[in-house]
Amino acid sequence: MLHIKCPHCGMRSQNEFSYGGDATVKRPELNKEVTDQEWDNFVYNRVSPRGKHLELWQHLSGCRQWIKVERDTATHEIFKTYKANEEIA
Amino acid sequence: MQKYSIFSLVKNALTGHQNWDLAWKDPNPKEEYDVVIIGGGGHGLATAYYLAKEHQITKVAIIEKGWIGGGNVGRNTTIIRSNYMHDENGLFSEFGMDLWRKMSQDLNYNVMFSPRGIINLAHSDAQMNAYARRGNSMRLNGIDAVLLNREEVKELIPMADFSDNVRFPIFGGLMQPSAGTARHDAVAWGYARQADSMGVDIIQNCEVTGFDVSAGKIKGIRTSRGNIKAKKVGLCVAGSTNILAEKLNMTLPIETHLLQACVSEPVKPVLDKVVTFGAGHFYISQSDKGEMVMGGDLDGYNSYAQRGNLPTLQHVLTEGIAMMPFLSKLKMLRTWGGIMDMSMDGSPIIDKTHIEGLYLNCGWCYGGFKATPASGWTFAHTIAQDRVHELNAGYSLNRFSTGHLIDEKGLGTKTWIS
């Protein structure tokens, strides 16, 4: 069982959360010419690293906010959690 | 190679089983090979076998980081089927069914193929309509499919919950009578033994650390046991595809996820079919030892840990108990996890890459085991001929950018879509 510290509500069990995937993926800029390759990278292609992974979770059965979680994909260790709009150094 | 038969069994029994040949050798890597297959799982071993058998390419090495058959070919729920609606999946899998039927004779190794039939349960009128459509598509592709009504299902699996008061009543089901199960380890070992006998080097405990690519062409690989030159390299490393792709500066339409399975304590024969729950993701069969073999959803988040978490297991088994209430009385014997290549449309990739001489076999999602022979056969063809076979033409890498997705169930990395 993962325990995720929601930045709004505190430490909660993984049962309250829903996974949203890689948080580093950026949607192509609006009002700009976007190539097929850029769309492909945004929609489908993922690095899926072994180790540290910054990912989106939604606190679905809680405050319903999207958050960012930095987690190790091999050990499941959670290093830090952030609000969705928080800048990450 | 020593042939296995009733006579060799009797002869070796009389000498106390001391004189059996080793099933495969343990060679050191040579300096150069025509083809190097990375990954000694079912698909890698099958690929090497068909390279030697169908294409007479025997200067082949299989490079395995751990031991052969230690990954997903030893971690699955052994289900074999071809009950797909789309042509790409149906024709590919049905080609595989033919190879499964002949496999024990072909490999001189008993893989205990048991075509006991698979039933997908339907729990609404709409689902019955969808299954009728899928069944018709299957039959058009020459795959056997039978639409069952509630009474017919009850006759086949009376232990399922047919009471009036259930959340998801059983309306009927779609059965593929020729589907079934096989002994998964035997598949890996059978392919390994035959490939070895035809000259393939099976190199275990050898980790690939990098690739030598120059002028857009593969030249060889770097491993923990030295550099190996190769004219062609094939990747068959489900669960580690993203790791090796990163070393090649490739980003693939794949995420690595964890899938769990479990078995109960052994019980007397109760279930002689493979059954799947239609209102969720749960499947069950009974092994020859009597254990109920069960599985279902991904854990749902990127993972390279070959172990899972309890919430998913609880979710999956709740569905199981809803379908077959007697399961609640059983004790769990074992649970385990394997790491999957989850492709974005839920269908696999067997293709060439932008690097000349580098071939990709990945993205098997939930269905890698049953595809073992067809995947090996088509991948061997793709490598040997340097072009895809019509059976795997749909499994292209560029289908995501061109929009030719194979959305059988759309069941890729996003478990909530189902």
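Student: Which residues does B:His381 touch, not counting residues up to four places away in sequence?

Tutor: In this predicted model, B:His381 touches B:His55, B:Asp386, B:Arg387, B:Val388 and B:His389, once residues up to four places away in sequence are set aside. What makes each of these a contact is that heavy atoms lie within 4.5 Å.

Student: Where in chain B is the place of B:His381?

Tutor: B:His381 belongs to helix H9 of chain B, which covers residues 372–385.

Student: Why is B:His381 called buried?

Tutor: The relative accessibility of B:His381 is 9%, and the word buried applies under 20%; because 9% falls under that cut-off, B:His381 counts as buried.

Student: What makes the phi of B:Met112 worth a remark?

Tutor: The phi of B:Met112 is positive, at about 55°, although this residue is not a glycine. B:Met112 sits in the loop of chain B between helix H3 (87–107) and strand E4 (118–122).

Student: How do you know whether B:Met112 is buried, exposed or partly exposed?

Tutor: Its relative accessible area is 36%, whereas buried requires a value under 20% and exposed a value over 50%; since 36% lies in between, B:Met112 is therefore partly exposed.

Student: What is the phi of B:Asn205, and in which loop does B:Asn205 lie?

Tutor: B:Asn205, which is not a glycine, has a positive phi of about 55°, and this residue lies in the loop between strand E8 (201–203) and strand E9 (208–214) of chain B.

Student: Why is B:Asn205 called exposed?

Tutor: The relative accessible area of B:Asn205 is 58%, and exposed means over 50%, so B:Asn205 passes that cut-off and is classed as exposed.

Student: Turning to chain A, how many helices and strands are there, and how do the elements run from the N terminus on?

Tutor: Chain A has one helix and six strands, and from the N terminus on its elements follow the order β-β-β-α-β-β-β.

Student: What share of the residues of chain A count as buried?

Tutor: Of the 89 residues of chain A, 39% count as buried, the cut-off again being a relative accessible area under 20%. The accessible surface of chain A comes to about 5,400 Å², and 47% of it belongs to carbon and sulfur atoms.

Methods: Residues numbered from 1 in each chain as written. Chains lettered and ligands numbered in written order. Predicted model: local features only at pLDDT ≥ 70, side-chain atom pairs only at ≥ 80, totals over all residues. Heavy atoms only, no water. Helix = DSSP H or I, 4+ residues; strand = E, 2+ residues; numbered from the N terminus. Buried < 20%, exposed > 50% of the residue type's maximum accessible area, 1.4 Å probe, protein only. Areas by Shrake-Rupley, 256 points an atom, 1.4 Å probe, with all protein chains shown as cover.
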